[in-house]
Amino acid sequence: IMLHSTLALSLLLIAVTSNLAMAIKKEKRAPQTLSRGWGDEITWVQTYEEGLYQAKKSNKPLMVIHHLEDCQYCQALKKAFAENEEIQEMAQNNFIMLNLMHETTDKNLSPDGQYVPRIMFVDPSLTVRADITGRYSNRLYTYEPQDMMFLIENMKKALRLIQTEL
């Protein structure tokens, strides 16, 4: 009887341990929640304030993406953004990145309204770059999936403007 219960206990331990190992492995692979699908390799800041602080500290521009979970235009833009290697690499290396599903108290981030999706850049000098706009005159900071090359140009512009102005 003793042998039998020891065997049962060992089997139970093995089962628990392997489940735990699987849970730990799963945990490691899960995308970080702050990315919300915009790019899991990118380090995302959690708040606008943190973004401003990091931008100033690192001398990198802050890129703010306003979006909503149930907005089909946001979903389409997110997919194009996440699949574009050049954007992902620049976002990862040259920018402080923030994606928000709520408005900030900074009215400078909604110069022409609080629509989504919209992408804005903030200089390390903490100036909102209202001069870096997308292609649409009615929603200056919106981008569509087919605008990724245009967004890349604007990302490069945001980087260039720092070097010339600071």
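## Asn99 and its surroundings

The side chain of Asn99 reaches the backbone oxygen of Ser35 at 3.4 Å, and this side chain also makes a polar contact with the side chain of Arg36 at 2.7 Å. A polar contact here is a pair of N or O atoms within 3.5 Å; within protein, one must be able to donate a hydrogen and the other to accept it, and residues adjacent in sequence count only if both atoms are side-chain atoms. The structure is a predicted model, in which local features need pLDDT of at least 70 and side-chain atom pairs count only at pLDDT 80 or more, while totals for chains, interfaces and linings use all residues. Residues are numbered from 1 along each chain as its sequence is written, and side-chain values use heavy atoms, with hydrogens and water left out.

Asn99 is found in strand 2 and, at 2% relative accessibility, counts as buried (buried means under 20% relative accessible area, exposed over 50%, and partly exposed in between, with a 1.4 Å probe and protein chains only). Leaving aside neighbours within four places in sequence, Asn99 is in contact, meaning heavy atoms within 4.5 Å, with Leu34, Ser35, Arg36, Trp38, Trp44, Ile65 and His67.

## The chain as a whole

The secondary structure of the protein chain comes to 5 helices and 3 strands, where helices (H or I, at least four residues) and strands (E, at least two) are DSSP runs numbered from the N terminus. Read along the sequence, these elements follow the pattern α-α-β-α-α-β-β-α.

Of the 166 residues of the protein chain, 40% count as buried. Among the contacts with a separation of 6 or more, 68% come from residues 24 or more positions apart. The accessible surface, taken from the Shrake-Rupley method with a 1.4 Å probe and with only the protein chains shown counting as cover for residues, comes to about 10,000 Å², of which 58% belongs to carbon and sulfur atoms.

Strand 1 (residues 62-66) runs antiparallel to strand 3 and is joined to it by 5 bridges; two strands pair if DSSP finds at least two bridges between them.

## Helix 2 and its two sides

In helix 2 (residues 48-58), the residues Tyr48, Gly51, Leu52 and Ala55 are buried. They cover an arc of only 100° around the axis, which puts them on the same side of helix 2, the arc being that of the directions from the helix axis to the C-beta atoms. An α-helix has 3.6 residues a turn, so residues three or four places apart point the same way.

What covers the buried residues of helix 2 includes strand 1, strand 2 (96-100) and strand 3. The face turned away from the buried side carries the exposed residues Tyr53 and Lys57, and just after helix 2, Asn59 takes a positive phi of about 60°.

## Helix 4 and the cysteines

Asn84 caps the N-terminal end of helix 4, with a side-chain oxygen 3.0 Å from the backbone nitrogen of Glu86. The buried residues of helix 4 (residues 85-94) are Ile87, Gln88, Met90 and Ala91.

Cys71 is buried, with a relative accessible area of 11%, and Cys74 is also buried, at 1%. With a disulfide taken as a pair of cysteine sulfur atoms within 2.5 Å, the count comes to 0 disulfides.
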